[in-house]
Amino acid sequence: MFPLALTATPAEVRCAPILVRGDLAGAFRLAAECGCRGVEIHLREASQVDAPTVRRLMSDYGLAVPTLGTGMAATLDGLTFADPVVRRLAVDRLRGHVRLASEIGSAVTVGSVSGRLGPDAATRRERRAAALDALAELCRYAESHGVTILLEPLNRYECDYLNTIADVLAVAEEIRAPNLRLLADTFHMNIEEADMPAALAAALPQLGHVHLADSNRQAPGRGHLDFAPLLDLLARSGYQGFLSFEVFPIPDPVAALRQGVKTVHDLSSGARVDKEGV
Ligand code: LER
Ligand code: MN
């Protein structure tokens, strides 16, 4: 069975697809109760939590923190690698996440922080190069702290240069950071990929983490996405990383998590039966 995680943040936020908001201890308790093996913590800035507190929660509940989400630095504070005015602030903000990650043994996600290059063809090339320089700089800093960076393709309404798994694989080829891995999010893939299983198959060698969300950003099973071929592919590939529910708490966090876990369980046991040819 795949290791599963829920998403949580210590602050009260309204719009982000994060399952548990404002109660980190409650998030660890809920994750343990529902058979998850991790809590993916989303932080606008690293100072929102302290490492000893997180480590105590991890040890009390026997759970990992697979990665730290950073998207709120972009969505709430406008910090992105694509924007020349705030690029330095964005890198510095995420250095804080990297230091915290090194203390709790997690990775750091770069998703919304990639940002938008804008429509002007004359400046797009230069801005993309500078954004990738910022990413490469963060990767080097993370490498010196023993931390993995997870680069996530986002749908076209949230980012205008890293939309598909192929886009991220091309960036990985360009910057060649040994600690850069790919994060595949089924919600974004459903919008951008022509063939989701084929795209995921291409990602496998560099896949470090998966965000599970249905077509409507709710828990798997609450929309119309077909998770069976994706879970089957992951099971057959021997993927060892986490699958994390990055979803809205609809109808509420507990019901959403239970439904997501049940969907993955039901489909994964089906995948195992197929695999064994029974
Ligand atoms: C936002 O849509 C998302 O998927 C996040 O993981 C990016 O930071
Ligand atoms: Mn995501």
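Reply: We go from conventions to pockets, then to the ligand, the cavities and the backbone. This is a predicted model, where local features need pLDDT of at least 70, side-chain atom pairs count only at pLDDT 80 or more, and totals for chains, interfaces and linings use all residues. Residues are numbered from 1 along each chain as its sequence is written, chains are lettered from A and ligands numbered from 1 in the order in which they are written, and side-chain values use heavy atoms, with hydrogens and water left out.

Me: What is the volume of the largest pocket?

Reply: Rolling a probe the size of a water molecule over the atoms shows where empty space is left. On a 1 Å grid over the protein atoms alone, a pocket is an open set of points with protein on both sides within 12 Å along at least five of seven lines; a cavity is a set where a 1.4 Å probe fits but cannot get out; lining residues have an atom within 4 Å of a point. Points are joined across faces, edges and corners, and a volume is the space filled by probe spheres set on them. Here the largest pocket has about 580 Å³. Of its 30 lining residues, the closest to the centre are Pro 17, Gly 71, Thr 75, Ser 112 and Glu 158.

Me: Which element gives the most to that lining?

Reply: Helices (H or I, at least four residues) and strands (E, at least two) are DSSP runs, numbered from the N terminus. α3 gives the most, with 4 residues. Both β3 (38–42) and α3 (71–75) supply at least two.

Me: Where does ligand 1 sit?

Reply: A molecule sits in a pocket if more than half of its atoms lie within 2 Å of the grid points. Ligand 1 sits in the largest pocket. Residues around it (a heavy atom within 4 Å) include Gly 71, Ser 112, Glu 158, Asp 185, His 188 and Arg 217. That shell divides into 1 nonpolar, 5 polar and 5 charged. For the classes, Ala, Val, Leu, Ile, Met, Phe, Trp, Tyr, Cys and Pro count as nonpolar, Asp, Glu, Lys and Arg as charged, and the others, Gly among them, as polar.

Me: Which polar side-chain atoms lie 2.6 Å and 2.7 Å from ligand oxygens?

Reply: A polar contact is a pair of N or O atoms within 3.5 Å. Glu 152 has a polar side-chain atom 2.6 Å from a ligand 1 oxygen. For Glu 246 the distance is 2.7 Å. The protein covers 91% of the 260 Å² of accessible area that ligand 1 has on its own (Shrake-Rupley, 1.4 Å probe).

Me: How many cavities of 30 Å³ or more are there?

Reply: The count is 3. α9 supplies the largest share, 3 residues. Among the lining residues are Thr 186, Val 210 and Phe 227.

Me: Which peptide bond is cis?

Reply: The bond from Ile 250 to Pro 251 is cis, with omega near 5 degrees. Pro 251 is in the loop between β9 (243–245) and α10 (253–275). Check phi too: Arg 176 is not a glycine, yet has a positive phi of about 45 degrees. Arg 176 lies in the loop between α6 (165–175) and β7 (180–185).

Note on methods: A polar contact is a pair of N or O atoms within 3.5 Å; within protein, one must be able to donate a hydrogen and the other to accept it, and residues adjacent in sequence count only if both atoms are side-chain atoms.
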